[in-house]
Amino acid sequence: LQENFDTDVAVIEAYNSLACDIPFDLFVNICSIYKTNTFHNGICLEMARFNHSCWANAECVWNDETKTRDLVALQDIAKGDEICHSYLQKLLLYQDRQKTLMEKWNFQCFCRLCFLEEDEMQRADLIRLEANLFDKTLQTQNSVCNSSVTQLAAVVKGIRVFNIIKLLGASFDEAAKLSWLLNKTDRINLHDIAAKGNEYSELLFGRGHKTTQL
């Protein structure tokens, strides 16, 4: 509510300061379109046309090599099927997803994930790992040894592939520091995590990308 209030105040102040010769309602509409279609680094006119799905069949990524925002298919998409990506940068439970989408983009989601009965405890476990990753406090020794990152990523729907790659990378790096403590089984798990990270990276960036080649 505070964010919406601040936005309303900013719109009014902008309208008054610019001395616009268009009706206020039209100015508000223009500002609303901008707010709901912009990315953090500006508006991408073509990318803004794609709709949201919490369990998307494509993912929006920033391409450092071409300096473009690209949309990458995550699965085979049949002719006539809608291409959707997730507007959400982090994994959320159902109620939190609906709340965020309504507050930021003013719509309720009815995608395939929002109709799916799922184990929200597993989703909550992966949310905690992802939150720790964003907070740069990921402690991964235990999660590497039982491969929980890989297992959760396989069953929890809607997590961004880019975030899975970061989670697997952080898990691998932490475990590699302690490789001399790992038993044979844990080292096999470590190899599996590296292979799975490479698989996700190839899906999102392609085989020749520098991230996949690491």
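## The enclosed cavity

The largest cavity has a volume of about 60 Å³, where a volume is the space filled by probe spheres set on grid points that are joined across faces, edges and corners. On a 1 Å grid over the protein atoms alone, a cavity is a set of points where a 1.4 Å probe fits but cannot get out, whereas a pocket is an open set with protein on both sides within 12 Å along at least five of seven lines, and lining residues have an atom within 4 Å of a point. The structure, which is a predicted model, holds one cavity of 30 Å³ or more.

Among the residues that line the largest cavity are Cys54, Ser86, Lys90, Arg97, Arg123 and Gly158. By class, this lining divides into five nonpolar, two polar and four charged residues, with Ala, Val, Leu, Ile, Met, Phe, Trp, Tyr, Cys and Pro counted as nonpolar, Asp, Glu, Lys and Arg as charged, and the others, Gly among them, as polar.

## The second largest pocket

About 370 Å³ of space lies in the second largest pocket. Its lining is made up of 21 residues, and Trp55, Leu74, Gly158, Ile159 and Val161 are the ones that lie nearest its centre. Strand E4 (58-63), helix H6 (148-155), helix H7 (161-177) and helix H8 (184-205) each give two or more residues to this lining, and the largest share, three residues, comes from E4. The classes in the lining of this pocket are 14 nonpolar, four polar and three charged residues.

Strand E4 runs antiparallel to strand E5 (residues 68-73), and six bridges join them; two strands pair if DSSP finds at least two bridges between them. Asn63 stands opposite Thr68 in E5. The two strands E4 and E5 form a hairpin with four residues between them, and Lys67 in the turn has a positive phi of about 60°.

## The chain as a whole

The protein chain has nine helices and six strands, which are DSSP runs numbered from the N terminus (helices are H or I with at least four residues, strands are E with at least two). Of its 214 residues, 34% count as buried, that is, under 20% relative accessible area with a 1.4 Å probe and protein chains only.

Residues are numbered from 1 along each chain as its sequence is written. In this predicted model, local features need pLDDT of at least 70 and side-chain atom pairs count only at pLDDT 80 or more, while totals for chains, interfaces and linings use all residues, and side-chain values use heavy atoms, with hydrogens and water left out.

Conventions: Buried < 20%, exposed > 50% of the residue type's maximum accessible area, 1.4 Å probe, protein only.
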